[in-house]
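This report covers helix packing and aromatic contacts. The sequence and the structure come first.

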Amino acid sequence: MKGEQNLACCVGRPRAFDCEKALEKALEVFWRKGYDGTSLADLTEAMGINKPSLYAAFGNKEQLFIKAVELYETRPNSFFLEALAQKTAYAVAESMLYGAAADLADNGRPNGCVIVQGALSCSEAAASVKEALINKRLGNEAMIAERFAQAKLAGDLPVSAEPEVLARYLGTVLQGMTIQVTNGSDSQQLRDIAKMALLAFPQPA
């Protein structure tokens with residue numbers, strides 16, 4: 001099952017390279033340089049393939065970027081889905097914020113969030129990519145809101161709680177943490193931000 005969804009583009013195509021590893025390399029380049037700052041030459045060099053092989057396996061640059069973002073969501077950014085599975089609304093927020101603090105400032109890979117930074121840095125020429133990233137962010141926010149709505153129905157949040165506003169609040173803090181890490185904040189500083197944000201999170205009545 002590993003990598004099945006992201007690498008469906010490679011199924012049935014004869015190839016002399018590992019699609020999964022090539023996509024991981026593409027993700028790293030996009031993560032470091034952004035969508036606009038990444039050239040096809042950057043990608044083919046990092047992935048160890050030529051342009052015809054890239055087009056045959058992944059489509060154009062935009063399609064490759066979207067596949068790389070999908071890979072990002074299931075691996076480096078997997079703390080998000082793990083947080084949604086926590087038993088209480090507070091635990092969801094806590095796991096998500098502290099997970100982001102560890103993930104965003106991980107020295108073993110590029111800092112920050114591909115989805116947030118990609119949307120901020122896209123030029124007008126890459127409007128479709130920017131729109132796709134914004135839709136992913138909104139989709140994630142909707143998933144958080146749905147989880148909080150379930151928590152409210154279960155009595156895990158006060159009746160005055162507004163799930164959509166809480167989800168937007170959490171998303172705003174997470175996006176702000178991304179900006180902070182690009183400014184040089186380390187993991188502990190991000191944890192301090194997370195701790196402060198959790199003070200405002202509503203508790204059950």
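At what angle do helix 1 and helix 2 pack, and how far apart are their axes? The angle between helix 1 and helix 2 (residues 40-47) is about 155°, and the axes are 9 Å apart. Helix 1 is therefore roughly antiparallel to helix 2.

The model is predicted: local features need pLDDT of at least 70, side-chain atom pairs count only at pLDDT 80 or more, and totals for chains, interfaces and linings use all residues. Residues are numbered from 1 along each chain as its sequence is written, and side-chain values use heavy atoms, with hydrogens and water left out.

**Helix packing**

Helices (H or I, at least four residues) and strands (E, at least two) are DSSP runs, numbered from the N terminus. Axes are lines fitted to C-alpha atoms, for helices over the stretch in contact, and angles run from 0 to 180 degrees between N-to-C directions. Angles under 35 degrees count as roughly parallel, over 145 as roughly antiparallel, 65 to 115 as roughly perpendicular and the rest as oblique. A crossing is left-handed if the near helix is turned anticlockwise from the far one by less than a right angle, and right-handed if clockwise.

Helix 1 passes helix 2 in a right-handed crossing. In contact (heavy atoms within 4.5 Å), residues of helix 1 including Ala22, Val29 and Phe30 meet Asp42, Leu43, Ala46 and Met47 of helix 2.

Helix 6 (residues 89-104) and helix 10 (residues 187-198) cross at roughly 160°, and their axes come within 8 Å. Helix 6 is therefore roughly antiparallel to helix 10. The crossing of helix 6 and helix 10 is right-handed. Among the residues in this contact are Tyr98 of helix 6 and Arg191 of helix 10.

**Aromatic rings**

Rings of Phe, Tyr and Trp (its six-membered ring) pair if their centres lie within 6.5 Å; planes under 30 degrees apart count as stacked, over 60 as edge-to-face and the rest as tilted. The count comes to six aromatic pairs. Two of them are tabulated here.

| Pair | Centre to centre | Angle of planes | Class |
|---|---|---|---|
| Phe30 and Tyr35 | 6.1 Å | 15° | stacked |
| Tyr35 and Phe65 | 5.1 Å | 65° | edge-to-face |

The pair of Tyr35 and Phe65 links helix 1 (residues 19-37) with helix 4 (residues 61-74), 30 residues apart. Phe30, Tyr35 and Phe65 form one aromatic cluster. Buried means under 20% relative accessible area, exposed over 50%, partly exposed in between (1.4 Å probe, protein chains only). Phe30 counts as buried at 2% relative accessibility, and Tyr35 at 10%.
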